[in-house]
Amino acid sequence: MNSGSIEYYDVVVIGAGVSGMYALHHLREMGLSVRVYDGASDIGGTWWYNRYPGARVDGPGSPFYCYTFSEELMQEWEWTETQSEQSAVLAYLEYVADRFDLRRDIQFETWVKDARYDEAAQRWTVETHTGSRASASFLICAVGALSTTNKPDIPGIHDFAGECYHTGLWPHEPISFQGKRVAVLGTGSSGIQSIPEIAREAAHVTVLQRTPQYAFPARNRPLTSAEMAEARTNWDLLRAKMHTNFGGFPCDNQERSALEDTPEQREALYEKLWQQGGFQFFLDLYSDIAISEEANQSLADFVRAKIREIVHDPATAEKLLPDYFVITKRPILEDGYFDSFNRDNVSLIDLREDPIERFTTNSVMTRSGEHQIDMLVLATGFDAISGSMLRLNPKGRGGITLEERWQDRFHNYLGLTIGGFPNLFMIHGPGSPGVFYNMPLGAERQMEWIGHCMDHLKQKKFGAIEPTADSEDAWANEVSALANVTLFPRTDSWWTGANIPGKPRYFSVYLGGSVYYQRISEMAAKGYEGFVFEQAHGTDGSETL
Ligand code: N01
């Protein structure tokens, strides 16, 4: 493959997380040559980086947060908890990497610093931070929807001389909180998972909260051998159900409106789901919680009452009460978070009434005074969905950068392709269901579409594919129309880009769930409607498809 200082492949994949790993496997099965690059020193992506205390699957959970492409894998792997901890998910991914011999085509500790489309050659050239270069017919960006960390620019933050860690870039060596005064900035999933763990050890934890959160009981528990056996025995059926379920999990889609029930019936359902816990709460909810203000209000009131019940000090409980539509920020599962505020060593600062003025070498100063700290934990989340694509900033036709193309919105077609960037495909990018769908399954389904598309090009002797501007606009309208019938766009969240100053503010996720996969299949079946093709320009001495 080596020709001078450049290596030639059919496909370059950027990212060796859940999506990139499957992309590699699938493309190799198609007989293509593939090189994967990842900045980390091993596979796992988000599961490699997010090692903060308390990190676990906070979705519908095991055993269905997994790949589905291999029946053997399902039969062989033993999940032990309903919400697997980070180390268990990583162990699973390591097993997959070994089982399918993935690492031999992955170059670790390698950042792609440039990716550029060569119009004459109809190929992408990528350059890594070491100066090595590779050329490929296709570029697959499996760069992660939640991997570019958000590090807020707060006065004095760089002066802080104590230990400072971001939950999304947690060190690999053990971190001790023993005897330390720790401030945690941020109360999203990562903050809410880590605060109870840190509080168990630390001398004191100061929680710096900008927006209170609705959080629901995780009630993580061991998976019984009977549950694992049932999942294995019924795998075909369950897998088929995952394909039709809205979010990609083996459960029934709910169709009942909250408004069909009396307030007492609603309360009884919420109580039952609260006691049951886990992500199933959201899957068994009424269908219109995120659509009808009245339905939403009924659940919001229920959760606020629960917070008041759990937190003993009424003034602290008041500060913890969210005042926006419930579940319009990513729903959070908690295990002892609200209860942490009943401990003597945990205090809460509501940044809306007592904002941070600055950090010093050993403290955080808020309007009301100075709080001495030894450690700062930034649980401040990610430049989500589009951030990692923009960090890569590929250059398309005429050298246009993605940053230029995406200045006003994240133009794309089918959440997979971008006009002006031929032969580039995204997995879990803007315009796809991404974080609203079972992510390993979503990656498989998008990758299968991409594989078919590559086959189509080969059969037709096309050298390049890209979407038209009209199809991008139509897709943007479809994405917005789906979002606008819900309450989601009405709350500031990382889903709407509101957490990152200057980011285009709109809901960029495709909210149609599994319908998305029908839509992209339809477009393919109609001869890739909405795309333009270019004949292959002929060979340039390199291998082509
Ligand atoms: O990040 P977040 P996360 N000053 O963006 C606050 C997935 N995940 O890492 O709400 C002060 O949710 C910010 O405040 P606000 C999951 O999908 C999965 O917790 O913007 N505060 C918020 O409280 C999740 O949703 C798992 O006002 C600032 C917090 O920081 C997603 O990742 C585990 C601030 C950030 O919360 C992201 O979760 C964990 C500032 N300048 C996460 N900037 C698993 O499944 C931000 N904040 C294992």
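Predicted model: local features only at pLDDT ≥ 70, side-chain atom pairs only at ≥ 80, totals over all residues.
Which residues is Ser-508 in contact with, leaving aside its neighbours within four places in sequence?

Residues are numbered from 1 along each chain as its sequence is written, and side-chain values use heavy atoms, with hydrogens and water left out.

Back to Ser-508. Contact means heavy atoms within 4.5 Å. Leaving aside neighbours within four places in sequence, Ser-508 is in contact with Ile-385, Phe-410, Pro-430, Gly-431, Ser-432, Val-479 and Trp-495. Where is Ser-508 placed? In the loop between H16 and H17. Helices (H or I, at least four residues) and strands (E, at least two) are DSSP runs, numbered from the N terminus. Ser-508 has 4% relative accessibility, so it counts as buried. Buried means under 20% relative accessible area, exposed over 50%, and partly exposed in between, with a 1.4 Å probe and protein chains only.

Next, the rings. Rings of Phe, Tyr and Trp (its six-membered ring) pair if their centres lie within 6.5 Å; planes under 30 degrees apart count as stacked, over 60 as edge-to-face, and the rest as tilted. That rule gives 48 aromatic pairs. Take Phe-436 and Phe-488. Their ring centres are 5.3 Å apart and their planes are at 85 degrees, so this pair is edge-to-face. Phe-436 lies in the loop between strand E18 (424-426) and helix H15 (439-460), while Phe-488 lies in the loop between helix H16 (469-484) and helix H17 (515-525), so the pair ties together parts that are 52 residues apart in sequence. Both Phe-436 and Phe-488 are buried.

Phe-436 also pairs with Phe-507. Here the centres are 5.9 Å apart and the planes are at 70 degrees, so the pair is edge-to-face. Phe-507 lies in the loop between H16 and H17, and Phe-436 in the loop between E18 and H15, so this pair ties together parts 71 residues apart in sequence. Why does Phe-436 count as buried? Because its relative accessibility is 18%. For Phe-507 the value is 4%, so Phe-507 counts as buried.

Ring pairs also build a cluster, and its members include Tyr-413, Trp-449, Phe-462 and Tyr-510.

Some rings have a charge over them. The rule: NZ of Lys or CZ of Arg is within 6 Å of the ring centre and within 35 degrees of the ring normal. Arg-409 lies over the face of Tyr-506, at 4.0 Å from the ring centre. Arg-99 lies over the face of Phe-100, at 5.3 Å from the ring centre.

Now look at Asn-342. Its place is the loop between helix H12 (337-340) and strand E13 (346-350). Asn-342 has a relative accessible area of 22%, so it is partly exposed. Leaving aside neighbours within four places in sequence, Asn-342 is in contact with Ile-310, Val-311 and His-312. Its side chain reaches the backbone oxygen of Ile-310 at 2.9 Å.

Last stop, a sheet. Three strands form an open sheet in the order E14-E15-E16, with antiparallel pairing. Two strands pair if DSSP finds at least two bridges between them. Strand E14 (356-359) and strand E16 (369-372) stand at the edges with a single partner strand each, so one side of each is left without a neighbour in the sheet. Strand E15 (residues 363-366) and E16 pair in the antiparallel sense over four bridges. Thr-366 has Gly-369, in E16, as its bridge partner.

Conventions: Polar contact = N/O pair within 3.5 Å; in protein donor to acceptor, adjacent residues only side chain to side chain.
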